[in-house]
Amino acid sequence: MDNKLREELAAWLEFYRDLGIEDFYLPPGSGVAVASHERKESAPPVAAVSRGPAGAEAGRPSDSAPGRAGPAPTERRPTAGPPARSLSLFEAPPPPRREHETLEQVRRDLGDCRRCRLAGGRKTIVFGQGNPHAELVFVGEGPGADEDEQGLPFVGRAGQLLNRMIQFVGMKREEVYICNIVKCRPPGNRTPEKDEIDTCSPFLFRQIEAIRPRLVCCLGAPAMKTLLGIKEGITRVRGQFFDYGATKAFVAYHPAYILRNPREEKILREDFETIREFLKSAR
Ligand code: SF4
């Protein structure tokens with residue numbers, strides 16, 4: 001394979017990996033590789049897996065990455081008419097190689113987002129707040145009323161508790177980065193639904209990739225499931241570290257849960273002590 005072809009192939013593979021597609025198959029007799037999300041039913045079974053950097057929720061449809069460059073999700077839905085043709089990797093010019101994104105670029109791409117139904121009830125998009133080069137990132141569930149009002153994450157009572165825990169770790173709030181798996185307030189503060197998470201979470205993955213922290217702390221079960229694909233109950237998993245791409249992830253209770261169950265605050269302190277020790281040892 002000559003160098004130009006090799007570079008084109010690398011650019012395409014990188015493009016598909018950014019979309020969360022990592023598996024390809026070779027249709028018998030076709031001689032061209034096809035991305036697994038485009039396979040026909042008769043093709044050999046391939047695990048079409050869309051994931052965050054560390055293998056977040058397996059089995060999520062691969063067209064759930066609207067925040068990525070490339071075709072909008074609607075363009076990939078089955079339509080009436082002739083069957084969709086599988087695309088060869090080499091039928092179109094390769095996409096430009098994407099350099100390391102900044103948070104500003106991700107925010108610009110999000111724009112005045114209306115990609116899911118949560119846009120209908122929000123006042124403000126709560127993108128995230130903090131140090132764009134933070135070594136510690138906290139990921140919660142979604143904005144509440146106070147956050148929606150102010151456009152900032154974790155500013156209500158749960159935010160005050162998180163602030164105390166951040167101080168307990170020996171840091172200031174402005175030194176860490178705080179965001180949520182969905183950027184718009186779910187009505188009545190309900191838990192975000194799967195399709196809403198699927199639509200919004202690619203922006204979260206990109207935020208983390210832009211920051212490249214040492215540790216991502218999942219606050220609560222929805223963040224844990226979204227980032228790590230863990231289906232077990234959080235009570236069995238909290239206080240543990242997991243691989244998340246080149247970095248580590250940690251699972252802790254959401255501060256709002258602690259406010260409802262104050263007897264558990266001891267556990268939250270223990271978990272933040274673990275975070276403190278991890279960051280000390282990583283320095
Ligand atoms: S929750 Fe996310 S995907 Fe849905 S409208 Fe808000 S920013 Fe867009």
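A: The secondary structure of the chain comes to 9 helices and 8 strands, where helices (H or I, at least four residues) and strands (E, at least two) are DSSP runs numbered from the N terminus. The model is predicted: local features need pLDDT of at least 70, side-chain atom pairs count only at pLDDT 80 or more, and totals for chains, interfaces and linings use all residues. Residues are numbered from 1 along each chain as its sequence is written, and side-chain values use heavy atoms, with hydrogens and water left out.

Around the ligand are Leu110, Cys113, Arg115, Cys116, Leu118, Ala119, Arg122, Lys183, Cys184, Thr199 and Cys200, a residue being near if one of its heavy atoms lies within 4 Å. This shell divides into 7 nonpolar, 1 polar and 3 charged residues; Ala, Val, Leu, Ile, Met, Phe, Trp, Tyr, Cys and Pro count as nonpolar, Asp, Glu, Lys and Arg as charged, and the others, Gly among them, as polar.

For the chain as a whole, buried residues make up 45% of the 283 residues. Buried means under 20% relative accessible area, exposed over 50%, and partly exposed in between (1.4 Å probe, protein chains only). Of the contacts with a separation of 6 or more, 70% join residues 24 or more positions apart, a contact being heavy atoms within 4.5 Å.

Threonine 235 lies in helix H7, residues 234–237. Threonine 235 counts as exposed because its relative accessibility is 52%. Threonine 235 and tyrosine 253 are 18 residues apart in sequence and 8.3 Å apart in space, C-alpha to C-alpha.
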